[in-house]
Amino acid sequence: AVAATWEYPHAVLMFAKFHSDDPQFTPDAINMTVQAIEEIVKKFAVMKVKTIGSTIMLVAGIDDHRTRQEQVSGMVDAAIMIRACVFQDMNVDGLSYKIGVHCGPCFGAVIGGNGAIFDLFGDTVNTASRMCSTAGAGSIQLSAQVKSLVQPRLGDITTRCPPVAVKGKGVMEVFSLSEDIDVKQVLPEYDVCLSKNVTALDTWRALYGRITMDSSITHLM
């Protein structure tokens, strides 16, 4: 049953998928990684909607009064931070990851009875998911709509990718953010994440003090 619905004309959606066949990459490790991502994205007014296995769905622009460009830029900044401070700094064998971002209208709904949950639906959600699923390994893939809104600030660090087919929309133009981004230049206030000999979890604790260690994921240190 659907308890309530809301329309969001200017939502920004991100899907981030990560995976490893390392036997030590346990559900506890995945959960800790998701917690760290949640703490990071709060700094950019981004919130988690849900996780599906080791894929996390994030949204911005549904509960704030920033401009559309500010909302999209915040989401892209969050994606850059997730890649630099979590995925690229995680000591797990064979880790693969990819991120996709798209923006547009969608609607939210609270579904269920006693165990009611909030979720987002619509073409924008499906397209954001497709941006992630078609992205190359280790890349942040942006739709043309997102790219046009961040281009004035990020300049030429986006690269045109081969077009992708999206169900119901046909072929879409897509772009990726360079893996060689100078994060200290793009996000100078977070340069502590790039300090050498600082693990991802140490960085998360230094920046977002609510993160705590658990013995089950010490292999990430």
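Select helices H1 and H2 to examine their crossing, which is right-handed (the near helix is turned clockwise from the far one by less than a right angle). The model is predicted: local features need pLDDT of at least 70, side-chain atom pairs count only at pLDDT 80 or more, and totals for chains, interfaces and linings use all residues. Residues are numbered from 1 along each chain as its sequence is written, and side-chain values use heavy atoms, without hydrogens and water.

H1 spans residues 27-42 and H2 residues 68-85; the two pack at about 140°, with axes 9 Å apart. Helices (H or I, at least four residues) and strands (E, at least two) are DSSP runs, numbered from the N terminus. Axes are lines fitted to C-alpha atoms, for helices over the stretch in contact, and angles run from 0 to 180 degrees between N-to-C directions.

Next, display Ile-37, Ile-40 and Val-41 of H1 with Ala-78, Met-81, Ile-82 and Cys-85 of H2, which make the contact (heavy atoms within 4.5 Å).

Now move to strand E6, residues 140-143. Ile-140 and Leu-142 on one side, and Gln-141 and Ser-143 on the other, are all buried (under 20% relative accessible area, 1.4 Å probe, protein chains only). In a regular strand, side chains alternate between the two faces of the sheet.

Finally, select E10 (residues 174-177), joined to E6 by four bridges and antiparallel to it. Here Ser-176 is the bridge partner of Gln-141. Strands pair if DSSP finds at least two bridges between them.

Key: Buried < 20%, exposed > 50% of the residue type's maximum accessible area, 1.4 Å probe, protein only.
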